[in-house]
Amino acid sequence: MEELMIGKIHDESRQGEAFSSDKTTGQNYNKYFYIESYGCAMNFADSEVVASILHDQKIGSTVHLEKADFILINTCSIREKAEERIRKRLTEFRQMKRENPSLIIGILGCMAERLKANLLEEEKLVDIVVGPDAYRSLPQLLEEAETGQKGVNVLLSRDETYGDISPIRLNSNGINAFVSITRGCNNMCSFCVVPFTRGRERSRSSISIVAECEALFNEGYREVTLLGQNVDSYNWNNEETNENVTFAKLLEKVALISPLLRVRFSTSHPKDITDEVLFTIVKYENVCNYIHLPVQSGSTRLLDLMNRTYTREWYINKVNRIKELIPDCGISTDLIAGFCTETEDDHQDSLSLMEYCKYDLAYMYFYSERPGTLAARKYADDIPLETKKRRLQELVALHRIHSLESMKRDVGKTFKVLIEGPSKKNEDEFYGRNDQNKVVVFPKLNFKKGEYAMVKIHDCTAGTLLGKAIV
Ligand code: SAM
Ligand code: SF4
Ligand code: F3S
């Protein structure tokens with residue numbers, strides 16, 4: 001479970017995978033909640049904020065559905081399929097609610113925000129609907145729901161960052177943790193529902209971010225991933241000292257906590273990532289050489305329709321600059337196949353861009369129209385489903401070749417690996433990740449979880465590097 005949760009959190013979240021969560025704190029709880037999280041890492045981080053808010057009210061978390069007084073589903077709206085999946089999951093709770101009418105079911109997150117009170121109408125078993133900025137009202141809404149009063153709070157905020165809340169880590173391996181640094185998004189990419197479900201962008205105080213990372217380090221965590229829809233636009237003013245903290249400065253502050261604490265971040269926006277950020281990656285060994293830089297399309301015409309505000313050439317220049325300053329940097333991306341008006345030539349542009357960048361990792365989707373977005377209002381969703389799927393298949397097939405080449409290039413190299421836990425397949429082996437975020441498996445010897453090992457790679461599979469630790 002841990003390996004799945006940590007090793008694949010990024011792509012799992014993008015496939016809309018769900019994880020239920022438990023935290024045994026030894027406390028006496030009055031009630032229990034069960035939470036399932038879907039969508040991106042930010043949603044998973046939010047579930048940990050929710051756990052903290054409920055924990056303060058003596059409501060503990062459980063992985064056992066049958067033990068739960070409250071079932072909470074932290075939802076995603078990014079594609080139609082993500083919402084369909086959650087509706088299907090709700091049907092599975094119907095029987096439980098029939099057998100136990102006092103069971104409270106709550107929908108949280110982006111689908112709650114998008115559909116608001118309509119969800120109560122459409123899904124009769126749902127008792128409360130709570131948007132991403134309204135989690136502080138959860139205890140009250142749950143209490144009212146217990147008296148039979150259904151409730152909705154989907155107010156978006158301009159300043160809520162939950163910066164004062166110490167998240168309770170769910171499903172944690174005790175080594176890696178997510179730390180939110182911004183909420184919301186101001187970018188308005190024409191295909192994307194996030195600005196509507198998460199509201200305006202706001203940056204959390206750097207003081208609270210550094211304090212959370214320090215506390216994690218002191219508890220034994222060895223890797224933090226700083227999260228935001230666009231981390232490069234992080235900007236926070238310390239009014240007491242008059243210091244303006246940019247993302248590069250924040251990275252530096254977190255890197256300085258300890259050389260033993262690895263720092264990752266996601267997501268970078270090609271229009272905003274600065275040389276200052278790249279220089280900070282170069283300067284600090286513990287800031288990982290890995291950048292997730294979603295391109296979305298290789299066609300400048302489509303990038304314009306998508307309102308991404310950069311061109312193919314701009315993107316290629318960014319990739320060149322990253323490779324110039326950080327030659328061994330791992331680069332990953334997101335790509336959409338079959339966006340409105342996409343021609344075969346546009347699609348070829350995406351393939352040729354992939355050929356140029358040779359991504360280590362890519363998350364690829366076919367376009368799914370989202371109600372209310374700029375694209376849904378302005379452009380026809382005019383690419384037939386079979387064409388979208390065929391183009392997606394072509395992107396996926398090309399990426400497979402590149403990612404295998406990337407794995408094979410690492411055979412013979414030696415990497416510093418942070419040990420995250422025992423390998424799922426062989427208990428005599430550890431698994432961990434290198435700087436570039438690749439999973440490495442190697443015999444345990446006398447190493448311990450949370451330590452770093454220098455591992456020489458002798459072989460690879462499509463997704464894993466196999467090696468031996470140098471002692
Ligand atoms: N903030 C990040 C960025 O700017 O790249 C990504 C955020 S979004 C949660 C993750 C990915 O979902 C996007 O990069 C995009 O590739 C994909 N996505 C978003 N809306 C989509 C849609 N309507 N249809 C298909 N894929 C979509
Ligand atoms: Fe969506 Fe664009 Fe914001 Fe990313 S930057 S969350 S794709 S609007
Ligand atoms: Fe999904 Fe919301 Fe994240 S729509 S991808 S959970 S910000």
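Helix H3 is mostly covered, with 15 of its 15 residues buried; buried means under 20% relative accessible area, exposed over 50%, and partly exposed in between (1.4 Å probe, protein chains only). Helices (H or I, at least four residues) and strands (E, at least two) are DSSP runs, numbered from the N terminus. The length of H3 (residues 41–55) can be checked too: at 1.5 Å a residue its 15 residues should span 21 Å, and its end C-alpha atoms are 21 Å apart, which agrees. The expected span here is 1.5 Å times one less than the number of residues.

This is a predicted model, in which local features need pLDDT of at least 70 and side-chain atom pairs count only at pLDDT 80 or more, while totals for chains, interfaces and linings use all residues. Residues are numbered from 1 along each chain as its sequence is written, chains are lettered from A and ligands numbered from 1 in the order in which they are written, and side-chain values use heavy atoms, with hydrogens and water left out.

Two ligand surroundings come next. Ligand 3 has Cys-40, Asn-43, Thr-75, Cys-76, Ser-77, Ile-78, Cys-110, Val-194, Arg-198 and Gln-229 around it, where a residue is near a molecule or strand if one of its heavy atoms lies within 4 Å of it. Five of these residues are nonpolar, four are polar and one is charged. In this grouping Ala, Val, Leu, Ile, Met, Phe, Trp, Tyr, Cys and Pro count as nonpolar, Asp, Glu, Lys and Arg as charged, and the others, Gly among them, as polar. Domain 1 (3–153) and domain 2 (176–409) each supply at least three residues to the shell around ligand 3; the domain bounds come from an automatic or database domain assignment. Around ligand 2 stand Cys-185, Asn-187, Met-188, Cys-189, Phe-191, Cys-192, Val-194, Pro-195, Gln-229, His-269 and Arg-308. The shell around ligand 2 has seven nonpolar residues, three polar and one charged.

Turning to the strands, E15, E16 and E17 form an open sheet in that order, with parallel pairing; two strands pair if DSSP finds at least two bridges between them. Strand E15 (290–292) and strand E17 (361–366) are the edge strands, each pairing on one side only. E15 is joined to strand E16 (residues 330–337) by three bridges, and Tyr-290 has Gly-330 as its bridge partner in E16.

Strand E14 (262–266) is largely enclosed by the rest of the structure, because five of its five residues are buried. Five bridges connect E14 with strand E11 (residues 223–227), and the two run parallel; Thr-225 stands opposite Arg-264.

A few backbone details deserve a look. Most residues other than glycine have a negative phi, and most peptide bonds are trans. Ser-266 and Thr-267, however, are joined by a cis peptide bond, with omega about 10°. Thr-267 sits in the loop between E14 and helix H11 (275–283). Asn-437 is not a glycine, yet its phi is positive, near 75°. This residue lies in the loop between strand E19 (429–433) and strand E20 (439–443), and its 21% relative accessibility makes Asn-437 partly exposed. Leu-445 also has a positive phi, near 50°, and belongs to the loop between E20 and strand E21 (452–460).
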